[in-house]
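Hi,

Here is the structure I promised to pass on.

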Amino acid sequence: MNNTSITHFLSFQNPLCTLHPNDHLALEGPLSRVKSLKKSLRQSFRRIRRSRVSNQKRQTAQEGISRHNRDALQEIELAPVQRKIEARSAEDSFTGFVRTLYFADTFLRDSSRHSPSLWAGTNGGTVYAFCLRIPPAERRMDEPVRAEQAKEIQLMHRAPVIGIIILDGQSTPLPEPLEVAHDLSKSPNMQGCHQLLVVSEEQLKVFTLPKVVSKLKLKLTALEGSRVRKVAVANFVSSKTEHSENDLAVLTNQGDIQIISLPSLKIQARYPCIRKEDVSGIASCVFTRYGQENNVYQMKQSGRLKMSGVQPLICTHSPRFNSSASDYSLKT
């Protein structure tokens, strides 16, 4: 037996012996192929799992996008077409003209104390609020009434301000102080927050008081192309029930009258009243507090439009008109 045979014999007899380095390198090929096969199978299953998850996410995202597009299309279909209204120039010399004045006892400086105030709306879309300091009755002849500016509101479209109305805590327009003093009207609610309604030629806008914060608005010119000419608060009483409510009566340059709810600013009804070519008839329109409209048309006749279900207490016409007056009654 040679030396090589003895070495192999001893290696098989000793259980602690290891393989020869050359033999170990010879076995690396099959072992590495087994490991790579397991690794490739593992990666394949991971790719399949990832593709399923990504497909589910992609499908969910596409469904969300399609749902959002459908909602957007519905909103576009329901939203009315708005006309582009260009802002008026602030350099016009007539912007400082006062178009309306309004006296009210409201919360002007803070929400804890109410005081007399004067509101002025200009031709340039600006509203000025003045706090009035009225001396006691025994010193009225000696001390003057002082006015201090407290608020200033500038409308972005700079349209002329047609009317200013303040609503009390129950969203009811403030009554006349003289009527409250003689028990002809109910006292206003001075507990809740008051609201300011500014009516311009192009839109109606509601602000909260005493912090002048925009709450909601109604665009008339952008939606219908009409402009406000006359506005007043009227009490509408149903002819069938005892229900009554205070709404806003608006006359536009198109000659139609719109009834708008307060304070939600929703258009309740629209009545054709005066021809839009009759400029003098639109300019002479006067609203009553009982839901009636009086105007002059054709320079010789007077017309009356009844929008409420209850007949007013007194209704007179000027004696200078030779022709008889015309009455128009509308069902409510």
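First, the ground rules. This is a predicted model, so I asked for pLDDT of at least 70 for local features and counted side-chain atom pairs only at pLDDT 80 or more, while totals for chains, interfaces and linings use all residues. Residues are numbered from 1 along each chain as its sequence is written, and side-chain values use heavy atoms, with hydrogens and water left out.

The whole chain

The protein chain has five helices and 16 strands; these are DSSP runs numbered from the N terminus, with helices being H or I of at least four residues and strands E of at least two. Of its 332 residues, 31% are buried (buried is under 20% relative accessible area, exposed is over 50%, partly exposed is in between, with a 1.4 Å probe and protein chains only). Take the contacts with a separation of 6 or more: 46% of them join residues 24 or more positions apart, where contact means heavy atoms within 4.5 Å. The chain exposes about 22,500 Å², and carbon and sulfur atoms supply 54% of that (Shrake-Rupley areas with a 1.4 Å probe; for residues, only the protein chains shown count as cover).

The largest pocket

The largest pocket holds about 1,600 Å³ of space. A pocket here is an open set of points on a 1 Å grid over the protein atoms alone, where a 1.4 Å probe fits and protein lies on both sides within 12 Å along at least five of seven lines; lining residues have an atom within 4 Å of a point. The volume is the space filled by probe spheres set on the points, which are joined across faces, edges and corners.

There are 43 lining residues, and Pro173, Leu174, Pro175, Glu176 and Val233 lie nearest the centre of this pocket. Strands S1 (98-106), S5 (161-167) and S9 (228-237), plus helices H3 (177-181) and H5 (279-283), each give two or more residues to the lining. By class, the lining has 23 nonpolar, 10 polar and 10 charged residues (Ala, Val, Leu, Ile, Met, Phe, Trp, Tyr, Cys and Pro are nonpolar, Asp, Glu, Lys and Arg charged, and the others, Gly among them, polar).

Tyr102 sits in strand S1 and is buried at 16% relative accessible area. Leaving out residues up to four places away in sequence, Tyr102 touches Ser117, Leu118, Trp119, Ile164, Ile165, Ile166 and Leu174. Its side chain reaches the backbone nitrogen of Ile166 at 3.4 Å.

Thr221 belongs to helix H4 (residues 221-224). Thr221 counts as buried because its relative accessibility is 4%, and its side chain reaches the backbone oxygen of Ser226 at 2.8 Å.

The peptide bond from Leu209 to Pro210 is cis, with omega near 5 degrees, and Pro210 lies in the loop between strands S7 (203-208) and S8 (213-219). Leu262 and Pro263 are also joined by a cis peptide bond, with omega about 0 degrees; Pro263 is in the loop between S11 (256-261) and S12 (267-272).

Leu265 is found in the loop between S11 and S12. Phi of Leu265 is positive, near 60 degrees, in a residue other than glycine, and Leu265 is buried at 4%. Arg158, not a glycine either, has a positive phi of about 60 degrees, but Arg158 is partly exposed at 28%.

Cheers

Terms used. A polar contact is a pair of N or O atoms within 3.5 Å; within protein, one must be able to donate a hydrogen and the other to accept it, and residues adjacent in sequence count only if both atoms are side-chain atoms.
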